[in-house]
Amino acid sequence: MKLFSTRNAFREAYVDTLAKLYEYATGQFPKRLMSTMADAADVSYTYAGFKSACDDLSKRLTQFGIGARDKVAIYSQNMPNWTVAFFSAVPFGRIAVPILPESSENEVTNILTHSESKVLFVSRRLLHNVTEEAMKHLVLVIDIETFEIIRQDEEAFTCDGKVAMPMPDDIAAIIYTSGTTGNAKGVVLSHRNLTSCIKSCYHCCKRHSYDRWLSILPMSHTLEMTICMLYPMYVGGSVYYISKPPVPSLLLKVMQEVRPTTMLSVPLIIEKIYRNSIVPTIRKSPVLTWLQKNMPFVLYRIIGMKLRQTFGGQITFFGIGGAKLDTEVETFLLKANFPYAIGYGLTETSPLLSFMMGRNRTPGSIGIPCRGVTLKLYNPDPLTGEGEIVAKGPNVMLGYYKDPNRTREAFTPDGWFRTNDLACLDEKGRYHIKGRLNNMILGPSGENIYPEEIEQLINGIETVNESVIVSRQGKLVALVNFDENAIDWNHEGEEEFFKKLEEKKQMILGVVNKNVNKTSKVSDVQVMKEPFEKTATRKIRRFKYTNTKGL
C-alpha cells in the first residue's frame, strides 16, 4: 500500500518549511531554468545551480559567525540573486529581513537597527541609502550582484555560526510594513505561515513546471515573494525579472519576448492600460464606437484578444492585489474574458486570505476564503450586515517583532486576526470590502501608507503644532496647524504674508520628503488657522478634514 497516492499529495505533506521546499525543488527539478533576467545579460540559474550558489553562500556566512536565528537583511531591486540571498539564510535556520527598494535612508537605518540584522545584501544602486550608523552594527555587507564583501567586521572570524534545520513554527522572515520615524513594525512570519500560503495558492490556481512567471512587483513585498518566488519553486516553474522600473514601453517589449503565463500586478498598471490605451482607442475608432453601442459583446471579445496578445499571447493567470481594482475596469476585464484574478490579504497573513477567479468573479468582490483559511465578520452591524473581517489559519503571523502591545491589539480576545477592513457578504458567500476601520491610506500602487508616521515627522518640526495627512485624488496632502505665534495672521502686507507662508510650506515639504520613501511623499501643504477639532480623548476628528482646505 502506497503512503501517498500522488506526487502532489507527497509534496503537500512534505513541504512544511522553506528548508524542505528548498530541498524538494532543487532535487525534483535540477535541470530546469529557475530564474533569469528578461531584459539584460545577467545571472541565470537552473535549480541545481541555484542550490550550489545558496549552499556556498551559506558556508561563507557560517565562517563569519552567522548562524541560526541571526537576521539577514536584503535591500535590492528584483534579480535572481535576491532569491539566492534569501535561501542562503532561511533553509539553515537564519531569518530573512526583506527591505523594500524604495525605502528611504531613514527607514533602512531603522529597520536594520530594530531587527538587529547582522548581514546586509545590498545592490549597488541602493548602497547610498545605507548610513554609517547602520553599517557599524553589521558583521557583513555584501554586494548582492557579485556576492563580494563590501564591508566586514574583522572580529567575526573568531567563531563559526552554527546552522540548524528549521521547524515549521520557527521564524522564517520579518517583513516591515513601516519604519519612517523609528516606530518600526516588523511582521514575524514562520515557515508554516509561508508554506501554507504556497499550498493555498496551488489549490486556488494550479501552476506547473512549464509555467513562466514575469516578476514586476518588489520581491520584498509579501505578495510577490510568496506567489512569484516561493510558489514557482513548489512546482518547478521559471521566473523572469526586469532590471528597470516596469514602465509600459519596457513591459510591452519584455512580455512579447518572455510570453509569460503568470503575472502579478497592482491595479494601477491595468487601470493605466485601460484608461490610456483601450478607452482612447475605442473613442477614436468609428467602427469600435459603433460596436460598443450595437454589438458590445463582439467589441469586448476583440479587445480581450488584443489585450492577451499585448501580454505575450500565453497569459493564463493575471493576479491583481494590493489595493481595490476600479469596478469599471474590472467589469471591462470580465466582459473581455481576460484571465484576471483578485487576491486579498495582508502582510500579516502571508499574505493571501481570499481569492476570486474564473466563473466566480464578480466586480467589486474579494471572493471567498482560500483553502485552510477561515474568515468571518466580527461584530456585524445588524442593519447593514457590515462587520470587520477577521481571520484564522496557518498563514496568520506569529506577531509583531518586539512589540507585544501591538500584537495583542491585532487579535480579538478569542484569537482571530483583525484585518481592520469593513465588509459584507453577498448571497453566494463572497466578501465585499466597504472601507477601513483604521486610518491607513492605500497608495496608487497598493502601498500601505500610515499617516500617523508622516504626521509625527511633521509635528517634530519647529513651530508646528499638529498636522493631519489626507489623501486627495491619489496624492498626499498635509494639513498643518502652527504654534500660536508662528504666523502673523493680523498681517498688513498681503504679498509678504503669502511669501512667508509659502516658505514654511516648502520647508515642511523638504523635511518630510527627504525622510520618507517615494510612496509616502507629500505633494502639498495647506495651513490651517484654527487647531483641529478633537474628541474627549484628544484625538483629531479626521473625518472632518477629508475635504477641508487650508491656505
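1. In this note, contact means heavy atoms within 4.5 Å. Helices (H or I, at least four residues) and strands (E, at least two) are DSSP runs, numbered from the N terminus. The model is predicted, so that local features need pLDDT of at least 70 and side-chain atom pairs count only at pLDDT 80 or more, whereas totals for chains, interfaces and linings use all residues. Residues are numbered from 1 along each chain as its sequence is written, and side-chain values use heavy atoms, with hydrogens and water left out.

2. The packing of H1 and H2 may be taken first. Arg-7, Phe-10, Arg-11 and Tyr-14 of H1 meet Lys-20, Glu-23, Tyr-24 and Gln-28 of H2. By class, this contact has three nonpolar, one polar and four charged residues; here Ala, Val, Leu, Ile, Met, Phe, Trp, Tyr, Cys and Pro count as nonpolar, Asp, Glu, Lys and Arg as charged, and the others, Gly among them, as polar. The two axes come within 10 Å and cross at roughly 150°, which makes H1 roughly antiparallel to H2. Axes are lines fitted to C-alpha atoms, for helices over the stretch in contact, and angles run from 0 to 180 degrees between N-to-C directions. Angles under 35 degrees count as roughly parallel, over 145 as roughly antiparallel, 65 to 115 as roughly perpendicular and the rest as oblique.

3. Helix H2 (residues 18-28) also packs with helix H7 (residues 191-204), at an angle of about 50° and with the axes 9 Å apart. H2 and H7 are therefore oblique to each other. Leu-18, Ala-19 and Leu-21 form the H2 side of the contact, and His-191, Leu-194, Thr-195 and Ile-198 form the H7 side. Five of these residues are nonpolar, two are polar and none is charged.

4. The buried residues of H2 are Leu-18, Ala-19, Leu-21, Tyr-22, Tyr-24, Ala-25 and Thr-26. Buried means under 20% relative accessible area, exposed over 50%, and partly exposed in between (1.4 Å probe, protein chains only). Their cover includes helix H1 (7-14), helix H3 (47-63), helix H4 (80-87), strand S8 (171-176), H7 and H8.

5. The largest nonpolar core has 122 residues, of which Leu-18, Phe-86, Phe-87 and Leu-333 touch the most other members. Such a core is a set of buried Ala, Val, Leu, Ile, Met, Phe, Trp, Tyr and Cys residues joined through side-chain atoms within 4.5 Å. Helix H8 (residues 222-235) contributes the most to this core, with 10 residues. Neighbours within four places in sequence aside, the contacts of Leu-18 include Phe-86, Phe-87, Val-90, Ala-172 and Leu-230. A second, separate core of 22 residues includes Ile-449, Val-464, Leu-476 and Ile-487.

6. Val-235 lies in helix H8 and is buried, with a relative accessible area of 5%. Beyond neighbours within four places in sequence, Val-235 is in contact with Arg-11, Phe-29, Tyr-202, Arg-207, His-208, Ser-209 and Trp-213. Val-235 and Tyr-210 are 25 residues apart in sequence, and their C-alpha atoms are 8.9 Å apart in space.

7. Which cysteine sulfur is closest to that of Cys-197? It is the sulfur of Cys-201, at 4.5 Å, too far for a bond. The structure holds zero disulfides, a disulfide being a pair of cysteine sulfur atoms within 2.5 Å. Cys-205 is likewise in no disulfide, the nearest cysteine sulfur, that of Cys-204, being 8.2 Å away. Cys-197 is buried at 1% relative accessibility, and Cys-205 is buried at 10%.

8. Most residues other than glycine have a negative phi, and most peptide bonds are trans. The peptide bond from Ser-350 to Pro-351 is cis, with omega near 0°, and Pro-351 lies in the loop between strand S14 (340-345) and S15. Glu-116 has a positive phi, near 60°; Glu-116 is in the loop between helix H5 (105-115) and strand S5 (119-122) and is partly exposed at 46% relative accessibility. Asn-420 has a positive phi near 70°, lies in strand S20 (residues 417-425) and is partly exposed at 25%.

9. Gly-364 lies in the loop between strand S15 (352-356) and strand S16 (368-369), and is buried, with a relative accessible area of 16%. Residues up to four places away in sequence not counted, Gly-364 touches Lys-324, Glu-330 and His-432. The C-alpha atoms of Gly-364 and Leu-325 are separated by 7.6 Å, although the two residues are 39 apart along the chain.
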